[in-house]
Structure formats: structure tokens, C-alpha cells
Amino acid sequence: MTSKNIRKIKFIIGIIGIMFFLSTMKRVQAESSETNLYNIYDNHDVAIQSKLEAMNKDIIYICFGAIIIIIFITIMLRKNKKITLLTKMLHNTNELITNFINADDRLIYLKDENYKYVFVNKALEKFYDLESDDILGKDDYEFSEDYFATLKRQTDEAVLKNNDKRIAEVNRGGRIYKTNKFPIKLLNENYGIGAFIEDITDEVKHVREVEQTLLRNTIMVDVFQRDFQSLSDHMDYVLQQLLMLTESLYGIIYFCNYDKNEISLTATCFHGIKENLKDIKSLENFIDKTEIIQKVILNKKPIVINEAEILDDQEKISNECIKLHKIIIVPIMIENQIVSIVCLSNKGIDYTENDIQQISAFMTGIWSDVERRKQKVILEETNIEIMQRKNELQTLLDSTAEGIYGIDLNGLCTFINQSGIRLLAYETQDDIVGENIHKKIHHHYMDGRTSPIEDCNILNAIKVGEGIHVEDDIFWRKDGSYFDVEYNAYPQYKNDEIIGGVVTFIDNSLKKKMEKLLYAEKEQFRTTLLSVGDAVISTDNNGKIKVMNSVAEKMTGWTQREALNQPFDAVFNIMNEFTKVQCENPALKVLETGETFELANNTILISKNGREIPIEDSAAPIKDEDGNIKGVVIVFRDFTERKEKIEQIQFLSFHDHFTGLYNRRYIEDAIPKLDIERNLPLAVFIIDINGLKLTNDAFGHKMGDELIFCVAELIKENCTEDDIIGRMGGDEFIILMPNTNGAKANKVKNRIVKMASRKKIDSIIVSIAVGYAVKDDVSKDIDEIITLADNEMYKDKIKFGKLMRSKTIETVLKNINLKYNQEQIHAERVSGYCERIARALKLDEKSIQDVKTAGVLHDIGKITISPTLLNKNEKLTNEEFEIIKSHPETSYQILKSVDEYATIAEAVLYHHERYDGKGYPEGLVGEQIPLYARIISVADAYEAMTANRSYQKIKTKDEAIAELINNAGTQFDPKIVDVFVHNVL
């Protein structure tokens, strides 16, 4: 009801009241006049008096009723005015709420218990491109596609059924929406469904791009660190990772060969499995039939097909294969040439420009890794890695939204955008606008010190009209935390006067981390470059030197300061070792071709002081992210030591390291090469050193080595340059003599044997066994000839070997007697006692002679002990006694190698064993000790006690006998002691 209508009602009521009052007063006045008239004639008329009183009462009641009516009407009018005011306020509030909701970018609606819309905001109208009248009172099936309506109905039913809110993400038309549905009580006391739906496509896309970039980096690191058996295995694994990165189902990688003008299939994959399935064949057939690869190669641009209708032609290709609904084909470019083509298909959502960038970046890195594996150029890999990290950093920075705010000259915030609010963790502009923003976000330094507003770089720069760019500052969030920030601040002008400024800023935390990582990698690269064992020089794209490490300084004779900006060939002076011709400048070669360059062999570096150094090197280009050459890295090393080692290795691989003769490997390779008709007759000599083991055992390995070297030398003296001499084993040699008949070979044998008989190394006898055979017919097998020569050698060895060993034993005994003053007397006496004990024991004659011989030779192992130790007068130390205790084993080894003494070797080995098991070398007990050894033990002990020794007092016969008897059963065999005491002495 309007105020105008209210005034009309008030006026009408007032007129009615006045008229009623006047009418009543007129009637009262008439009655009063009548009463007065009667009063004139009869003042004492009681009836008239009563009537007059009754009339007065009526007037009072009428007036009172009129007053009540007027009051009621007044109250009603006031109540209507309040209702009108409340109605107006409610209308304004509803309009404000509606405008507020309509200003929200989210889709907001309310449905009743029958799933019909009862409220929608403008964003929802725009989403469906319908007016609210076309939506309200209807359900989703009446204006939305069935599949989408069904999807929404399912979540609506779940909300009402569970009486709980549901949050989900929905993909519609390539856009991703976050839905928040919840039950809400309606005016009719039933529950309906309320919803807030937010388009989060850009957020998801940003997160997805970051995740894909991080995933790509992780995958690339994984691929770089793996070892692959072949390029095919490498590409198979790469394709599997690429499918995971792009969420594709099928994939193919082709390699392009510009030299051969062809492309080749390198890897195929179906859902992460390397198989030649028909599903992969459908993709191959589509590529072949549509000639889409040729289009990519011609235009050097990617092709993306997301529209299913464009792929209808595939039905003509194969009805048996899977349907391809999305395809992306990306050429991988290196130096403006296509090196590879990646074909992927059947991603769950559309392929985008980001997929192209991810595939290109990933495969470019993989291709670089392939080249690195091919060329093994570590510095080039490092350069590519750095460039990839730089690109990744740039991608992350480009995807970060900037915060923007304005300030006046007093530092008060005039505006701020949503990104700024989000970065600073505030809710609305009202939290910041009008406030001193320095005190809000720039109030402290990182270390907690207060940052005064008068020291604020932003405000001071704006006041003086300067723009500033700062990368190492911090801003504070509402919650009291801070973040690294990069910002630009510029003054704002109006009518040529500064009125304030505008500040743009970004969260620099990620960039800082990436910069630290990149800096660490650069430092690691620089440190590696300057500390590697090889010499390293890098130049700019004009071939001028920019960096030299200490190794390069030492080899060239130039310091880093002297070489800086010098032409490369002025410092790196190289020529051919043999021709002395100046070599091509490797830096300029790389700058011209853009390819890695390696120096030829036999290259020498002429240092500043004229020193010639054999070197080997490689030069590789340094390229920027666009593939442009920015310089060259040359890595070289002093080849002198390696060259010598290579020559030494080559020599040792075919030569015996001790004698310098050819080894078995060389001889085995040489025999088939010599076994040809033009070398016939071919004589083969097999030569063996007699008694080498005996010499080693008796005189030590050093003397054995001298014997081997002596024989090698005398063989060389009797051979020509055309003859091939080899050492086939420890004591065996071979000679291959081309064009040598039997007569000539026999002369050579006699000459070698004769010279050997004249050779002598101290007391060592030089004795060799020589056998030869001659191949004079091409049909004969060379292996049979070698066998014949070997057999002849063995005949010779049987003939002279035994004699040589016997002479060696004699020589050993002679040497022992020379080294040890009393040894000969001791040996002869022990031998005599042994013979007499054996006879007393009634042993056979052969046994008697054997034990007699054992008595002579029982200490032959002392040949290896120092004379100083053998003749020492003082008491032996524990270490010296251990050396003395080794002589039985040495004796055993010497005698065992001589056939005629082999039977007594064990008797000599165990003659220091004790009957109670406390002897050496094995601690045998009682009858475990051989009989001859027990006999020698008693004879040796008695002779030692009664002999003249400088280190002991001589015992008398009776004293010695008493000692033997006292130790019978512990040290000595009691039976032998008894026989020796009663039957021998």
C-alpha cells in the first residue's frame, strides 16, 4: 500500500468522524432546547429531567466509541506502514542477494525434491544459453542432452538419498568443472538440491602442465640413467614412457634418414606393451594410407586430429582394427632437420599444444641422449641438459599468473587483482584496498627485522619517478608466512604528475629453487670442466678462446689470462707427428660443420716452449636452445703415457713378459699363417728345460728365472730373424723355422745343445731336451708335426733329464757343505748310524741302502737357508727357528722331483716328527711316522749331541745315551732307541 493511498483513507475516516460528531451534537442541542423550554414552564418536571440525563449518557457513549474507532484506525494505519517498509526492505534484500549471486562466475542453482529447478543464476543461464524462464520448473532431461542429464540425476539422487553433500569433477565439452552439491531444506519442509559449480579447467590445465613437465623430467632422468642393449630397446622404452606421459593408448616412432631419403619404423607400443598387435597395425595402416607422414615431412609441422569425423576414412582401411578417434603426429627437429617422427593415438581427451610441446621437448632430449650414446660426448650431454633445465624453468615461469596492485603517494592500496589476493592469502579486495600495503605485505625483512616505510624501495622509487625490478625480496601473507617474490614497480602519471604507482609481482619461490638448481648444475659443470684430468678449452662462435682449465694451461704453455680472446690455432698448435704438416683447426672445423670432430692419430701438440706432446682430442659444438652454435669445446689429453702403454699392451698381448719371446697366443695364431707351401720345408722345434722345478726348489725361484732367461737367450742366439721363437709355458719353448730341412734342423739342435752344456749359472746345471720335426709335404697336418717334435723332445728328456737331476743333487750337497761347516761330517755320520740301525732291525738290503741314502740327504733342504743362520752361535729366535723348521719340506720337494730319491722323500720330510705327536711339520704320532724317519730321528739326535758344535757343549757317549733313553716314548721310538743303544753303540 502506497503512502498516497494511506493519506486518502485517513481523509475519508476523518470526514466520517466529523459528520458523525456534528450529527450527534445537533441532536443533543435540539433535545437540550426542548428541555430548556420545559424548564421555563416547569422547573420541577421530573420526567424531563430524567430524559435529559439519559441523553447525556448517550452522548458520552457515542464519543467514547468514536474515540476507540479513531484509535483502532490509527493503529491499523501505522501497522500497514511498517509492513510496507518491511516489504520494501525484503524486496531490496532479495534483489541484492540475486545480484550478488548473479555476479558469481560459478554456476549456482536450486532444485526441489522432484529435481526441478526453482532458482538459477546468470552464469547457469549463460552455460545453457537459455533464459531463466526456460529453465525454472523443468528438470535436466527437458533442455540438456541425455547422457549429461543422467550424470547429473545420479549425483542429485545420491545427495538426497544420503542427505550429504557430494564434491566431484566433471568433464564436459573439453572443460573440467568442480561440482559441490548439497541438500537444502525448502519452504515446504522437503529437501531439495543446492549446487555450486566452478570451471577449474585452467587450474587443472596449469597443474597438469606442471605435473607433465615434472613427469617428463623424471622420465628423462630415468631414461638417461638406464643402459640399453640396442637402439631398438632404447626406443621401445622411450615410447612406453611417452605413452604414459601423454596418456595415449597406441604409439609408433619412426627414424628419418636424410642421407638415404627414407624413414624406418623403430618402435611400436600398445598400452605400454611392445607387441605387433592388430591394434598397432590399424595405426600403421592409417599412416600409410593417408600419407599423413609425408605431409608432416613436407611442412615440418605437427598434425593433430581430434575430430572423429575426420577419421571416418579409416573404416575403408580395415574393419577389423580398433577405431582411431584421436591422433597426434609430431616431427622431432634437430638443426632444422627431421630426425624422428612420433605418432600417438587414442588419448582420453583432446591432444593440445601442450602435448606437442611435451612430445617435442621429451623426444628432443631423448634424441640428444641417443646422439650422446652414439658419440659418447659427455660435455655435449651436459650442455643439452642445462638447456633443457633452462627451458623447463622458462615454462614454469610463463605459467605463473602475476599479482597486480596500485598505490597512491601515501602508500595506500588503490586496487588489487584476484591473483594478488590469492598470492597474499586474503579473501577480498576490501581486506587490502585503502590500507597501507607496505604495512600489510612488506613490513619485515626475512631475518625478522622491521622494514620502515621510509626505506621501502617500491614507494621511494615511485615517488622519484623511477621504475625498478627486484628479484630477491619477500612479501608477507595474511597468515604470517612469507614467500620469495619478484616484482616490477612503475610510477603512474596523470597530467604529467606522479599520482601513485603500479606493482606487478609473482611468487618467485619455484624460480629461486630452479635458479639454485641451475646454478648448482652450472657450478658443477664449471668445476668438472676445470678439474677433469683432461685438458679442456672452450671458444666462442668466432673461435676465440674463453675458458682453459689448468691441464690445458700446462700442456699448451699458455695461461688462461694470456689465452683469453686469442684465436684458437694461436694457442693450440698441432701437426702430424711424421709429416710435420700443420693439422686442420678443429674449432673452425666444428664451427663450419656443426658436428663433432676428432683428430687423426699421430697428432702432436707444439707447446709455447716448443715441447712436442702426442695428443688425442675431440671437439664438439656448444648450441643454444634454438640449435645455434655458440662456441666449441675441445677436450684433449697427453697421449704419451697411453701410447706407451698401448704399445706395451700390444707387445705383452703377443709376447712373454719375462723373456720377451712370443707367447702361446701369438704362436697359435702364427702357425696357420706359416703353414703354407712357400714356407716348406717347415721345421718345428720343441725345447724343454730339464729340472726347472728342482732348480726352483733347491736354489729358489730367482735362480729358476735366471735359468729360463739363460735358455731363452741361447735359443735366440741360434735362430735367424725369419725364425719365430715362443715360450709356450714355464719350461717349454717352440721354434718355427720356415724353409728349414731336416739336415739344417739337426745342425741347429746340436748347436743349441752344445751351447747349453757350456752354460753355467753359479752351481746350476743348464740342461735342455730338444726335439724337432719337419713338414716337407703340404698334405701333412701341422699338428702332427708338432706332436712328432714333442715326442722327440720327451725322448731327449728321458735320456738326459735323470742325469741332470742327479748332478743337481750332487751340486746341492756340495753347496750345503760349503755353506755349513759341519754338514758333510754330520750327514756321513747320520747315514752310518742309519745303516747300522737298519741292519740291527734286520731290514732287507734295499731298505738298508734307502735309509742310508736318506741319512745322507735328510738335511738337503738347508740349501735355501742363509749360511749366517746355519752357522749362528747364539740361541735362535722364534722367527729364525721357524725358518730352520722349513727345511724338511724343502728337502721333500727336492727329492720328490728326482726319480731315484722319490722313495725316501717322505722319510726326510718327517724326520723331525716326535713319537708323542709334538713334532713338525704335521704332528704325526707313533707308528704314523714312517720307519725310516724314526730311524733318522734317533741317529740325527745322537750325532748332534756328540758332535763338536760351537753353540753347545759336547755330550759324552753315556750322557747322550741317557738323553735318548729319557726321551724314548716321547721324542723317539722306544724300540729304535733300545736297538740303537744295545745293538749299535
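Which residues make a nonpolar surface patch of about 280 Å²? Ile67, Ile71 and Ile75 make this patch. The views below show a predicted model.

**View 1. The nonpolar surface patch made by Ile67, Ile71 and Ile75.** Isoleucine 71, one of the three patch residues named here, is found in helix H2, residues 46-102. Its relative accessibility is 45%.

View 2. The side chains of lysine 775 and aspartate 675 are joined by a polar contact of 2.4 Å. The lysine 775 side chain also reaches the backbone oxygen of lysine 780, at 2.8 Å.

**View 3. Surroundings of lysine 775.** With neighbours within four places in sequence left aside, lysine 775 is in contact with Asp675, Leu680, Pro681, Leu682, Lys780, Ile782 and Ile785.

**View 4. The largest nonpolar core, with 75 residues.** The residues that touch the most other members are Ile715, Phe733, Ile735, Ile809, Leu895 and Leu964. Helix H32, residues 931-946, gives the most to this core, with nine residues. In soluble globular proteins, nonpolar side chains tend to be buried together.

**View 5. Contacts of phenylalanine 733.** Not counting residues up to four places away in sequence, phenylalanine 733 touches Leu661, Phe685, Ile686, Ile687, Ile689, Ile708, Val711, Ala712, Ile715, Gly726, Arg727 and Met728. Among them, Ile715 is also one of the core residues that touch the most other members.

Key: Residues numbered from 1 in each chain as written. Predicted model: local features only at pLDDT ≥ 70, side-chain atom pairs only at ≥ 80, totals over all residues. Heavy atoms only, no water. Patch = residues over 30% accessible without salt bridge, like charges linked within 9 Å, V, L, I, M, F, W, Y side chains within 5 Å. Areas by Shrake-Rupley, 256 points an atom, 1.4 Å probe, with all protein chains shown as cover. Salt bridge = Lys/Arg side-chain N within 4 Å of Asp/Glu carboxyl O. Helix = DSSP H or I, 4+ residues; strand = E, 2+ residues; numbered from the N terminus. Buried < 20%, exposed > 50% of the residue type's maximum accessible area, 1.4 Å probe, protein only. Polar contact = N/O pair within 3.5 Å; in protein donor to acceptor, adjacent residues only side chain to side chain. Contact = heavy atoms within 4.5 Å. Core = buried A, V, L, I, M, F, W, Y, C linked by side-chain atoms within 4.5 Å.
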